[in-house]
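Subject: Structure handover

Hello,

Here is the structure I promised to pass on. Please open it and keep it beside this email while you read. My notes follow below.

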Amino acid sequence: MAVQLRAAHRPGRALAALALAAAGGLLAAATVGSGPAGAAGTTLRDLAEAKGSYFGTALTQSNLNSSTITAIAGTQFDVVTPGNEMKWDTTEPSAGNFNFGPGDQIVSFAKAHSMRVRGHTLVWHSQLPNWVSSLPTSQVKAAMENHITTEATHYKGQVYSWDVVNEPFNEDGTLRTDAFTNAMGSGYIADALRTARAADPNAKLYLNDYNIEGLGAKSDAMYQLVSSLKQQGVPIDGVGFESHFIVGQVPSSLKANIQRFTALGVNVAITELDDRMPVPASAANLAQQATDYAYVVNSCLAVTGCVGVSQWGVGDPDSWIPDFFSGYGAATMYDDNYQPKAAYNAVVTALGGSSSPSPSVSASPSSSASPSVPPTGAACKVSTQVSAWNTGLTENVTITNTGGSAVNGWTLAFALPGGQSVTNAWNATVSPATGQVGASNLSYNAAIPAGGSTTFGFQANHTGNAAAASGFTLNGVACAAG
Ligand code: G3I
């Protein structure tokens, strides 16, 4: 794995940990990155980071309303790709009118969970509003450059990488005909990359496509393009292999293909991994899927310059596959109930972890809100961290047990400022949505040892007052401010 990217990533996480420590007056870093699967070192993100890599996921705005999805996303993964929220039809639906609200929500979630963001995507023939395709060809270049400049400037410093151009090739390796090639020929790609570099010099700039994972006409075309761009001095940092696979059909040339791209001096990222199969899934296909996932992760780990793997979605219920491939599904590492599948365990093993016992990812409030041991009052300290945007916020709350004995089961009561309304939560169940609120532990974080701490968080809408919650009591005992 690329050492320089590991180095680039760690400071961000260290800063987040320091910020938490500063806010809480304690070393809260231990709670960052651990989560449903238990202690630090057992989540996909922790295992990947220990190898200088990352494990990412895609999230859409609607996914943020599911506490099940956000609980897994915020603990298992350390990179987020917005599924739709940074695409042209969302960000500039009419000429010159930009809308970054949905993308900002994904970025805010990422920040609250110490995750990096893969910006996706600046220039793509799909999810492109009609006004762009309808422009006279003489005006497309200016529209494209303005779009890239405005969006990349808005997210400057907030995205780790950009898929600058998405899916430029046909299956036979010819350039796809679209509004951009019609107006500028193949030169639009270099122009887009240069424009993105000028807007955000620190973002890693990628070209991203599917069916380029193995050797073949389409990946040859991408290889020739990248080689030519490098020779011309056009800024390009990486190539994204989308990796939408069919079970049992992962190309055997994946590793060799990654190697030839990195030999050009660019990184490779597995950007949208999933592995579909006919549904209902057979045991044999689920076992093959585990083999496939491990093969992909191992192929990336084996090549310096393959920076990490992202899955497209969190679990089978939020995957795009059933909507686009009739009769197919079960394409991710989490099943219909968001329980980890064999593929999850295979990835844990590939990342150097132990997959036994099977990790708990329960985020079900009903099964976990009530602790088995009756809660008792405890001395406590609470710190808060708010990230707000114009109409919403996320807030992380760290509880420290300052008493002399462990807390087994907890409810933290607090007051939300007027106008705030909770929409979803992670690492706790939070209700009601407004006013005097209670946050109760889930099954995996019921215990807070003496001197230990735990962090939960929530997202809320607000009407102007984005202040932190206040008046905390833990199991009925007032807490000091952290
Ligand atoms: O927002 C509209 C909604 O108003 C309307 O009622 C509804 C009716 O169909 O459609 C909604 O838009 C959908 C959009 O996702 C947002 O949910 C589109 O129909 C649907 O086509 C679109 O699908 C997205 C797809 O890209 C479009 O190409 C998927 O969610 C998204 O996961 C998928 O992501 C792509 C990557 O960007 C590039 N690589 C392939 C990958 C999978 O197709």
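This is a predicted model: local features need pLDDT of at least 70, side-chain atom pairs count only at pLDDT 80 or more; totals for chains, interfaces and linings use all residues.

**Helix 7 and helix 9**

Helix 7 covers residues 137–154. Helix 9 covers residues 187–199. Their axes come within 8 Å and cross at roughly 30 degrees. The crossing is right-handed.

Now look at the residues that meet there. Helix 7 brings Lys 141, Met 144, Glu 145, Ile 148, Thr 149, Ala 152 and Thr 153. On the helix 9 side are Tyr 188, Asp 191, Ala 192, Thr 195, Ala 196 and Ala 199. By class, seven residues of this contact are nonpolar, three are polar and three are charged.

**Salt bridges**

The structure holds eight salt bridges.

*Asp 191 and Lys 141.* Their side chains meet with an N to O distance of 4.0 Å. Asp 191 has 16% relative accessibility and counts as buried. Lys 141 is partly exposed, at 40%.

*Lys 218 and Glu 171.* In this salt bridge the closest N and O atoms are 2.6 Å apart. Lys 218 belongs to helix 10 (residues 217–232), while Glu 171 is in the loop between strand 4 (161–166) and helix 8 (179–184), so the pair joins parts 47 residues apart in sequence. Is Lys 218 buried or exposed? Lys 218 counts as buried, because its relative accessibility is 2% and the cut-off for buried is under 20%. Glu 171, at 43%, counts as partly exposed.

*Arg 197 and Asp 237.* The closest N and O atoms of this salt bridge are 2.6 Å apart. The pair links distant parts of the chain, 40 residues apart. Arg 197 lies in helix 9. Asp 237 lies in the loop between helix 10 and strand 6 (238–241). Arg 197 is partly exposed, with 24% relative accessibility. Asp 237 counts as buried, at 19%.

**Where to begin**

Best wishes

Conventions:
Residues are numbered from 1 along each chain as its sequence is written. Side-chain values use heavy atoms; hydrogens and water are left out. Axes are lines fitted to C-alpha atoms, for helices over the stretch in contact, and angles run from 0 to 180 degrees between N-to-C directions. Helices (H or I, at least four residues) and strands (E, at least two) are DSSP runs, numbered from the N terminus. A crossing is left-handed if the near helix is turned anticlockwise from the far one by less than a right angle, and right-handed if clockwise. Contact means heavy atoms within 4.5 Å. Ala, Val, Leu, Ile, Met, Phe, Trp, Tyr, Cys and Pro count as nonpolar, Asp, Glu, Lys and Arg as charged, and the others, Gly among them, as polar. Buried means under 20% relative accessible area, exposed over 50%, partly exposed in between (1.4 Å probe, protein chains only).
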